[in-house]
Amino acid sequence: MARTFPVIDIHAHFPIEDTLPSPSLSGTVTHPALSGYAADRQARMNREWSTEPYEPPARTPEEVAAAAERWAAELDKNEIRLVNFVSANSNDKLAKIVAERPDRFTGFAHHPLLPGAGAELRRSIAMGLRGYKLLGPRTEVPFEDERVRDVWEFCAERRLPVLIHFGFLGRGGGVVSHPRMSPLSLFEVARSFPEIPFIIPHFGVNTWADVLALAWSLPNILVDTSGSNQWMRWMPYPLTLEDLFRKAYETLGPERIVFGTDSSAFPRGFSLRYLQDQLRACYTLNFHHEDIALIFGGNAARLLGIDLTDA
Ligand SMILES: [Zn+2]
């Protein structure tokens, strides 16, 4: 059945070496007992979600070109207008990948927030990337540090979307404690730069209550809906996908909810299952068609500067 509105996936990872999610995302998990625990949890998740083991990521230029071709075919097969990759090994590689399919792919710069990050961001945007992706629990300077203020000034001037992961990071053995675990650590910067749309992926994971507090205070806080959202299981009270959409709708409104999948590797490719689950949740909640069109494509088009009328 043809979709009646264009769908954009704001959050995917290009399957290239060094970008795949791994149990050692923290970068510090080395104890064999922890890697064994992480491997067990990964195997269990594969059974729960019927996911097959990942194919190795692309390494050579030929493999990268083949992966891009395969992604474009995924978009056609699943009737997805456009995918935004939030990482692909390096900003140069991602800029090259998206430049070859500007009507189907966009991308965000992804490099650490450190002194000098502003210059790298300007360079990446000049190459055609359209936003900035960070991981809160891997950011080693405070967001409000004077030495990175130029990053926010540039994003504000250009209205660049900034997508920052908060909450649990990784799987078994993953990070649960860090000064920038909660989106409340972004409060000062987000309040000083209301021109910057800050997108918090996966509804904020276990920091969901803090996301709602921040979004209650500030109009420039958005959520993306990507991933399995199985973090709901580790919360001390029951939550469902419908609960997340309902509360986000009530607190943020339909203009600040952005569809994503967090698709990363083949053979899965585009995770149709997450799109189907999320659409079902929104229809179950009786959201208006216009709101559903915003959540699943319109908001992303606005953030990415895509004109959907020339599709
Ligand atoms: Zn992701």
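This is a predicted model: local features need pLDDT of at least 70, side-chain atom pairs count only at pLDDT 80 or more; totals for chains, interfaces and linings use all residues.

Analyst: Two strands count as paired if DSSP finds at least two bridges between them. In general, strands of a sheet pair through backbone hydrogen bonds, either parallel or antiparallel.

Inside the order, β5 covers residues 162-165 and pairs with β6 in the parallel sense. The pairing of β5 and β6 runs over 2 bridges. V162 stands opposite F198, a residue of β6.

The structure holds 10 aromatic pairs. One of them joins F143 and W152 in an edge-to-face arrangement, with 6.4 Å from centre to centre and 65° between the planes. The angle is over 60 degrees, so the pair counts as edge-to-face. F143 counts as buried because its relative accessibility is 0%. W152 has a relative accessible area of 1%, so W152 is buried as well.

F203 and F245 form another edge-to-face pair, with centres 5.4 Å apart and planes at 80°. This pair links distant parts of the chain. F203 lies in the loop between β6 (198-200) and α7 (208-217), while F245 lies in helix α8 (residues 241-251). The two residues are 42 residues apart. F203 is buried because its relative accessibility is 0%, and F245 is buried with a relative accessible area of 0%.

Other rings group together: F14, W71, F85 and F105 form one aromatic cluster. A ring can also meet a charge. The charged end of R70 sits over the ring of F266, at 4.1 Å from the ring centre.

The cysteines close the account. The structure holds 0 disulfides. C155 counts as buried because its relative accessibility is 0%. C282 is also buried, with a relative accessible area of 0%.

The loop between β6 (198-200) and α7 (208-217) holds F203, which pairs with F245 in helix α8.

How values were computed. Residues are numbered from 1 along each chain as its sequence is written. Side-chain values use heavy atoms; hydrogens and water are left out. Rings of Phe, Tyr and Trp (its six-membered ring) pair if their centres lie within 6.5 Å; planes under 30 degrees apart count as stacked, over 60 as edge-to-face and the rest as tilted. Buried means under 20% relative accessible area, exposed over 50%, partly exposed in between (1.4 Å probe, protein chains only). Helices (H or I, at least four residues) and strands (E, at least two) are DSSP runs, numbered from the N terminus. A charge sits over a ring if NZ of Lys or CZ of Arg is within 6 Å of the ring centre and within 35 degrees of the ring normal. A disulfide is a pair of cysteine sulfur atoms within 2.5 Å.
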